[in-house]
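Here is a friendly walk through one protein chain. Have a look at the model first, then read on.

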Amino acid sequence: MTTPQTPVPVSRTIRLIYGAMVIGVILFAIIGPIAFRQKVAESGGLPDSVLRILLGLSLGASALGLLLRRRVPRRSTSESTDLFWTTNASPA
């Protein structure tokens, strides 16, 4: 006979996923430029137009992230964390 498992709270699961995503972005921000510089140094460099396009894409992605952040409403003080994430997980 198996023992019943206690369900993991939704808010804890979402915080874990969010934390993993943030750590992934931070690691990419640290390691990406190092690897990119080594490749550029070996290949002789990139043209300025390519660097400007990459910078524009990066800024556009950052702006999109800020705009999508507004889709998730603020949690009211009377609402529990689990109830908030249960109702608002899909917009997030």
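## Confidence and numbering

Which element of the chain has the lowest mean pLDDT, and which the highest? The lowest is α3, at 75, and the highest is α2, at 78; pLDDT is the predictor's confidence in each residue, from 0 to 100. The chain averages 75, and 85% of the residues score at least 70. Where pLDDT is low, the predicted coordinates should not be read in detail.

This is a predicted model, in which local features need pLDDT of at least 70 and side-chain atom pairs count only at pLDDT 80 or more, while totals for chains, interfaces and linings use all residues. Residues are numbered from 1 along each chain as its sequence is written, and side-chain values use heavy atoms, with hydrogens and water left out.

## Fold and burial

Three helices and zero strands make up the list of elements, in the order α-α-α along the sequence. Both kinds are DSSP runs numbered from the N terminus (helices: H or I, at least four residues; strands: E, at least two).

Of the 92 residues, 8% are buried, meaning under 20% relative accessible area with a 1.4 Å probe, protein chains only. In α3 the buried residues are F84, W85 and N88. Seen down the axis of α3, they fall within an arc of 90° (taken from the directions from the helix axis to the C-beta atoms), so they line one face of the helix.

## The lining of the largest pocket

α1 (10-43), α2 (48-69) and α3 (81-88) each supply at least two residues of the lining of the largest pocket. The most come from α1, with 11 residues. A pocket here is an open set of points on a 1 Å grid over the protein atoms alone, where a 1.4 Å probe fits, with protein on both sides within 12 Å along at least five of seven lines; lining residues have an atom within 4 Å of a point.

Note on methods
Buried < 20%, exposed > 50% of the residue type's maximum accessible area, 1.4 Å probe, protein only.
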